[in-house]
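Please read the following briefing alongside the sequence and the coordinates.

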Amino acid sequence: DDEAKRITAEIVALEDPIDAQIKADEKRRDDERLERERIAAERAAGFRAKIDAIRACVAKSQGLPSERISNGIAQVESIVTDEATWAEFAEEAAQAKSMTLAAMLNLRDSAKAREEEAARVEAQRLENERIAAEQRAARLVEAADDRGEERLLADRVAHVELGEVGRRDQQRRDDGEHGV
């Protein structure tokens, strides 16, 4: 029994270092595999974040003026979605870009329609103000017909009111030309 124990101890003494080397090599390989997986996951997350940023342009464009949406469309159009840049994510990036552009074009068209309608309503409001000012001036002139001085005063009031309406109309046109 003593001899068997001694032989077993010698075998174990020979096997333990080899077993430790094998386990160390397996651990190193596992660590390398985990590191490669971590790097690949971070890389994929980076591409996904960029794709999400493309898609987020639609939400950022909600409620903006058509001119700002057009600027955003130009920025999205400038995004390169080739394989050299996006690798295996190129197709997904191209789809995100395409869908985002379509949605942003719809938003821009809707914003333009709203802006045009608002400009039309404002122009109509100004026209109504002008007509009302002319009618007030005409009533003042009629009332002042018999009185010389009062007629001059009424003409001056009418002239001032019409001038004010004209200035506001010109301001609206200037604002429209400058995108305000």
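The points below are grouped by topic, after a note on conventions.

This is a predicted model, in which local features need pLDDT of at least 70 and side-chain atom pairs count only at pLDDT 80 or more, while totals for chains, interfaces and linings use all residues. Residues are numbered from 1 along each chain as its sequence is written, and side-chain values use heavy atoms, with hydrogens and water left out.

**Fold and surface**

- The chain has 5 helices and 0 strands, where helices (H or I, at least four residues) and strands (E, at least two) are DSSP runs numbered from the N terminus, and the pattern along the sequence reads α-α-α-α-α.
- Of the 180 residues in the chain, 17% are buried, a term that stands for under 20% relative accessible area, with exposed meaning over 50% and partly exposed the range in between (1.4 Å probe, protein chains only).
- The accessible surface of the chain is about 13200 Å², and carbon and sulfur atoms account for 54% of that area, as computed by the Shrake-Rupley method with a 1.4 Å probe.
- When contacts (heavy atoms within 4.5 Å) are taken between residues at least 6 apart in sequence, 74% of them join residues at least 24 apart.

**The second largest pocket**

- The second largest pocket has a volume of about 190 Å³; a pocket is an open set of points on a 1 Å grid over the protein atoms alone, where a 1.4 Å probe fits, with protein on both sides within 12 Å along at least five of seven lines, and lining residues have an atom within 4 Å of a point.
- The residues lining the second largest pocket include Cys57, Ser61, Ile69 and Met104, and the elements that give two or more residues to this lining are α1 (2-61) and α2 (66-77).
- Helix α2 provides the largest share of the lining of the second largest pocket, with 6 residues.

**Ser61**

- Ser61 is in helix α1 and counts as buried because its relative accessibility is 4%.
- A polar atom of the Ser61 side chain lies 2.8 Å from the backbone oxygen of Cys57.
- With residues up to four places away in sequence not counted, Ser61 touches Ile69, Met104 and Leu107.

**Ala132**

- Ala132 is found in helix α4 (residues 90-144), and its relative accessible area of 25% makes Ala132 partly exposed.
- Ala132 and Leu162 are 30 residues apart in sequence, and their C-alpha atoms are 9.7 Å apart in space.

Technical notes:
Grid points are joined across faces, edges and corners, and a volume is the space filled by probe spheres set on the points. A polar contact is a pair of N or O atoms within 3.5 Å; within protein, one must be able to donate a hydrogen and the other to accept it, and residues adjacent in sequence count only if both atoms are side-chain atoms.
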